[in-house]
Amino acid sequence: MNTIHEIGLQNQQDFWAMLYMYVGRSILDVCGRRGEKAVRLAVREMAREKGKKLASSYREQGVKTNLETLFAGGNHCSDDPRVRMEVLRQDEDIRIWEIYTCPMASLWLDAGQAGLGNMYCEENQHGLVEGFTGGVGQLNLTKKLTCHRTNGCRADNYCRFSSYYRAANCGGEQCKASFTAPDEEYQPYVPEEPANGRETIREKCVQTVYYMTKAARDLFGEEGLCAVALGLKALAGSAAELVLHNEDATLSADRPAFLAANIPVSLDPAADPLWEDYSGYGARELFEINFLEPFKRALDLQ
């Protein structure tokens, strides 16, 4: 059983999963099969950016940039306590792990959006490893909780990720910065502070809006922006309903405090520093007009 503090994190995670689903589904609905390219591009670019930033941070600290350090601070799929997983192998150059329960997969499957779930699962970890290793690392996903086979085969009941980053595939300086040499003493990496799951989700929400908007605009112009706007509008009503339900379930009488603990987006994006690097392509304005305004009206916050 989860604590009241973990429930807040879970609600934030569900909000992000809904944000991705509503905007992604709208892009597919408006742009047709072409929209899949935008969704996949957005997810991979977002993850690639995270991998690059993490690798740069490690290099500044003098930390080796290999698969063991990449996942030492988390970076699996989610820090949500509802995730159940097992690492089958972990070395500097190989990591194999399985996920048996995933709240994101459950939400997407319940909504009939297994296809969107597949897109995220196939692109997110791939982009992370790609960005972290400078394009040298590999990621394979051979089993998926979001599998939606229609050919009579039984769907998968777990995810299996396999990642490889071989010293033989990278140059001398990169190899030296990534792997423990034979004459070096192995030093396991332990982060000074664990990753803050709430801050990670807050940043992920802002990045999702930005990268979805960017990909849709770059590929489809005004049609793409319209798709993002429609997705955000649809999300507003469902998110407000979720807030009302969760408020009642937790006996919360303080709506601003409840929103701060359970909804991972600022109600005033213009004052939120997270938006400073992600306001291009009109992403913040789209979010404010199409999500925040109707969301606030539905909850009597205006």
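**View 1. Helix α8 passes α10 in a right-handed crossing.** The handedness is called right-handed when the near helix is turned clockwise from the far one by less than a right angle, and left-handed when anticlockwise. This is a predicted model, in which local features need pLDDT of at least 70, side-chain atom pairs count only at pLDDT 80 or more, and totals for chains, interfaces and linings use all residues. Residues are numbered from 1 along each chain as its sequence is written, and side-chain values use heavy atoms, with hydrogens and water left out. The axes of α8 (residues 222–249) and α10 (residues 283–298) come within 8 Å and cross at roughly 25°. Axes here are lines fitted to C-alpha atoms, for helices over the stretch in contact, and angles run from 0 to 180 degrees between N-to-C directions. The pair therefore counts as roughly parallel (angles under 35 degrees; over 145 is roughly antiparallel, 65 to 115 roughly perpendicular, the rest oblique). Helices are DSSP runs of H or I with at least four residues, strands are runs of E with at least two, and both are numbered from the N terminus.

**View 2. Here are the side chains where α8 meets α10.** From α8 come, among them, Leu225, Val228, Leu232 and Val243, while α10 brings residues including Leu286, Phe287, Phe291 and Phe295 (contact means heavy atoms within 4.5 Å). The residues of this contact divide into 15 nonpolar, one polar and one charged. Nonpolar covers Ala, Val, Leu, Ile, Met, Phe, Trp, Tyr, Cys and Pro; charged covers Asp, Glu, Lys and Arg; the others, Gly among them, are polar.

**View 3. Four strands make an open antiparallel sheet, in the order β1-β2-β4-β3.** At the edges sit β1 (84–90) and β3 (138–143), each pairing on one side only. Neighbouring strands are turned by 15° against each other on average, direction ignored. Helix α5 (residues 114–132) packs on the sheet, touching β2, β3 and β4 (159–164), and its direction makes about 155° with that of β3. Six bridges join β1 to β2 (residues 94–101), and Met85 has Ile99 as its bridge partner in β2. Strands pair if DSSP finds at least two bridges between them.

**View 4. Ser162 has its place in strand β4.** At 8% relative accessibility, Ser162 counts as buried (under 20% relative accessible area; exposed is over 50%, partly exposed in between, with a 1.4 Å probe and protein chains only). Leaving aside residues up to four places away in sequence, Ser162 touches Arg95, Ile96, Gln138, Leu139 and Asn140.
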